Amino acid sequence: MKTRWIMNTSAYLLLAHGIVLLFAPELLFKLFNLHNSPEGSVTGQLLGAALIAFGLMNWTGRGLVLGGLYGRALVYGNFAFSFISLLVGIRACLNGFSNVYLWIEVVLCSAFAIVFGFLLFRGPTRQATES
(Lines give C-alpha, C1' and ligand atoms only; values in the text may rest on other atoms or scores of the structure.)
Protein backbone atom coordinates (compact mmCIF):
# COMPACT_ATOMS: atom_id res chain seq x y z
CA MET A 1 0.00 0.00 0.00
CA LYS A 2 1.37 3.40 -0.98
CA THR A 3 1.24 5.29 2.30
CA ARG A 4 2.65 8.52 0.87
CA TRP A 5 -0.48 8.92 -1.28
CA ILE A 6 -2.72 8.31 1.73
CA MET A 7 -0.93 10.88 3.86
CA ASN A 8 -0.93 13.46 1.03
CA THR A 9 -4.66 13.01 0.40
CA SER A 10 -5.44 13.21 4.10
CA ALA A 11 -3.31 16.34 4.47
CA TYR A 12 -4.96 18.08 1.50
CA LEU A 13 -8.49 17.33 2.71
CA LEU A 14 -7.77 18.35 6.30
CA LEU A 15 -6.04 21.56 5.21
CA ALA A 16 -8.89 22.47 2.84
CA HIS A 17 -11.56 21.92 5.49
CA GLY A 18 -9.48 23.74 8.10
CA ILE A 19 -8.86 26.80 5.91
CA VAL A 20 -12.55 27.11 5.06
CA LEU A 21 -13.54 26.76 8.72
CA LEU A 22 -10.91 29.25 9.84
CA PHE A 23 -11.66 32.02 7.36
CA ALA A 24 -15.29 31.43 6.32
CA PRO A 25 -17.11 29.14 8.77
CA GLU A 26 -20.49 30.46 7.63
CA LEU A 27 -19.99 28.75 4.25
CA LEU A 28 -19.83 25.31 5.83
CA PHE A 29 -22.63 26.20 8.22
CA LYS A 30 -24.88 26.91 5.24
CA LEU A 31 -23.89 23.65 3.53
CA PHE A 32 -24.75 21.62 6.62
CA ASN A 33 -27.88 23.68 7.44
CA LEU A 34 -26.49 24.90 10.76
CA HIS A 35 -27.52 28.06 12.57
CA ASN A 36 -24.77 30.67 12.37
CA SER A 37 -24.01 32.43 15.65
CA PRO A 38 -20.94 34.23 17.01
CA GLU A 39 -20.27 31.32 19.38
CA GLY A 40 -20.60 28.84 16.52
CA SER A 41 -18.21 30.85 14.38
CA VAL A 42 -15.56 30.86 17.12
CA THR A 43 -16.01 27.12 17.64
CA GLY A 44 -15.75 26.55 13.90
CA GLN A 45 -12.59 28.63 13.73
CA LEU A 46 -11.03 26.67 16.60
CA LEU A 47 -11.91 23.43 14.81
CA GLY A 48 -10.41 24.89 11.63
CA ALA A 49 -7.16 25.63 13.45
CA ALA A 50 -7.06 22.06 14.76
CA LEU A 51 -7.71 20.64 11.28
CA ILE A 52 -4.94 22.79 9.80
CA ALA A 53 -2.54 21.52 12.48
CA PHE A 54 -3.60 17.93 11.79
CA GLY A 55 -3.13 18.44 8.06
CA LEU A 56 0.33 19.92 8.55
CA MET A 57 1.24 17.02 10.80
CA ASN A 58 0.19 14.57 8.06
CA TRP A 59 2.08 16.57 5.43
CA THR A 60 5.23 16.54 7.56
CA GLY A 61 4.97 12.81 8.23
CA ARG A 62 4.17 11.70 4.69
CA GLY A 63 7.62 10.16 4.16
CA LEU A 64 7.81 8.24 7.45
CA VAL A 65 7.44 4.51 7.76
CA LEU A 66 3.85 4.33 8.99
CA GLY A 67 3.56 1.82 11.76
CA GLY A 68 7.23 2.28 12.66
CA LEU A 69 8.53 3.93 15.79
CA TYR A 70 7.72 7.50 14.76
CA GLY A 71 5.00 6.94 12.18
CA ARG A 72 2.83 4.86 14.51
CA ALA A 73 1.71 7.93 16.45
CA LEU A 74 0.51 9.49 13.18
CA VAL A 75 -1.47 6.37 12.35
CA TYR A 76 -3.01 6.23 15.84
CA GLY A 77 -4.06 9.87 15.68
CA ASN A 78 -5.48 9.63 12.18
CA PHE A 79 -7.34 6.42 12.96
CA ALA A 80 -8.85 7.85 16.14
CA PHE A 81 -9.87 11.07 14.39
CA SER A 82 -11.38 9.27 11.40
CA PHE A 83 -13.18 6.63 13.44
CA ILE A 84 -14.64 9.08 15.98
CA SER A 85 -15.69 11.44 13.16
CA LEU A 86 -17.36 8.50 11.43
CA LEU A 87 -19.32 7.60 14.59
CA VAL A 88 -20.42 11.21 15.09
CA GLY A 89 -21.49 11.48 11.44
CA ILE A 90 -23.47 8.24 11.56
CA ARG A 91 -25.17 9.35 14.77
CA ALA A 92 -26.11 12.67 13.17
CA CYS A 93 -27.55 10.85 10.14
CA LEU A 94 -29.56 8.47 12.35
CA ASN A 95 -30.98 11.42 14.31
CA GLY A 96 -32.43 12.91 11.13
CA PHE A 97 -29.73 15.47 10.46
CA SER A 98 -28.57 14.44 7.04
CA ASN A 99 -27.94 16.00 3.69
CA VAL A 100 -25.67 15.17 0.78
CA TYR A 101 -22.68 16.97 2.29
CA LEU A 102 -22.89 15.06 5.57
CA TRP A 103 -23.04 11.76 3.69
CA ILE A 104 -19.94 12.77 1.72
CA GLU A 105 -18.15 13.43 5.01
CA VAL A 106 -19.31 10.07 6.40
CA VAL A 107 -17.98 8.26 3.31
CA LEU A 108 -14.63 10.08 3.53
CA CYS A 109 -14.31 9.34 7.25
CA SER A 110 -15.17 5.68 6.73
CA ALA A 111 -12.58 5.36 3.95
CA PHE A 112 -9.87 6.94 6.07
CA ALA A 113 -10.88 4.92 9.15
CA ILE A 114 -10.57 1.69 7.15
CA VAL A 115 -7.22 2.68 5.63
CA PHE A 116 -5.67 3.94 8.87
CA GLY A 117 -7.11 0.94 10.75
CA PHE A 118 -5.39 -1.34 8.25
CA LEU A 119 -2.12 0.57 8.67
CA LEU A 120 -2.48 0.40 12.44
CA PHE A 121 -2.81 -3.36 12.63
CA ARG A 122 -0.22 -4.39 10.05
CA GLY A 123 3.53 -4.29 10.51
CA PRO A 124 5.62 -1.49 9.02
CA THR A 125 7.18 -1.98 5.59
CA ARG A 126 9.71 0.43 4.13
CA GLN A 127 8.80 -0.13 0.47
CA ALA A 128 5.20 0.91 1.18
CA THR A 129 6.25 4.51 1.84
CA GLU A 130 8.04 4.96 -1.45
CA SER A 131 6.09 6.81 -4.11
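Where does S41 lie? S41 sits in helix α3. Helices here are DSSP runs of H or I with at least four residues, numbered from the N terminus.

A word on the source. This is a predicted model, where local features need pLDDT of at least 70, side-chain atom pairs count only at pLDDT 80 or more, and totals for chains, interfaces and linings use all residues. Residues are numbered from 1 along each chain as its sequence is written, and side-chain values use heavy atoms, with hydrogens and water left out.

Back to S41. Is S41 buried or exposed? Its relative accessible area is 16%, so S41 is buried. Buried means under 20% relative accessible area, exposed means over 50%, and partly exposed is in between, with a 1.4 Å probe and protein chains only. What does S41 touch? Leaving aside neighbours within four places in sequence, S41 is in contact with P25, F29 and N36. Contact means heavy atoms within 4.5 Å.

Helix α1 covers residues 3–23, and helix α3 covers residues 38–60. Their axes come within 7 Å and cross at roughly 155°. Axes are lines fitted to C-alpha atoms, for helices over the stretch in contact, and angles run from 0 to 180 degrees between N-to-C directions. So α1 and α3 are roughly antiparallel. The cut-offs are these: under 35 degrees is roughly parallel, over 145 roughly antiparallel, 65 to 115 roughly perpendicular, and the rest oblique.

The crossing of α1 and α3 is left-handed. That term applies if the near helix is turned anticlockwise from the far one by less than a right angle; clockwise would be right-handed.

Who meets whom? On the α1 side, the residues include M7, Y12, L14 and L22. On the α3 side, they include G44, L51, F54 and W59. The residues of this contact of α1 with α3 split into 14 nonpolar, 9 polar and no charged. Nonpolar covers Ala, Val, Leu, Ile, Met, Phe, Trp, Tyr, Cys and Pro; charged covers Asp, Glu, Lys and Arg; the others, Gly among them, are polar.

L21 is buried, with a relative accessible area of 8%. Beyond four places in sequence, L21 touches L28, G44, Q45, L47, G48 and L51. L21 and L46 are 25 residues apart along the chain, yet their C-alpha atoms are separated by 8.3 Å.

Next pair. Helix α4 runs over residues 71–94. The axes of α3 and α4 come within 11 Å and cross at roughly 140°. That makes α3 oblique to α4. The crossing is left-handed. L51, F54, M57 and N58 in α3 meet L74, G77, N78 and F81 in α4. The residues of that contact divide into 5 nonpolar, 3 polar and no charged.

Third pair. Helix α5 spans residues 100–121. The axes of α1 and α5 come within 12 Å and cross at roughly 145°. This crossing is left-handed. The contact of α1 with α5 has 8 nonpolar, 4 polar and 1 charged.

Last topic: cysteines. How many disulfides are there? The count is 0, where a disulfide is a pair of cysteine sulfur atoms within 2.5 Å. For C93, the nearest cysteine sulfur is that of C109, 11 Å away. C93 is buried at 12% relative accessibility. C109 is buried too, at 16%.

Notes: Helix = DSSP H or I, 4+ residues; strand = E, 2+ residues; numbered from the N terminus.
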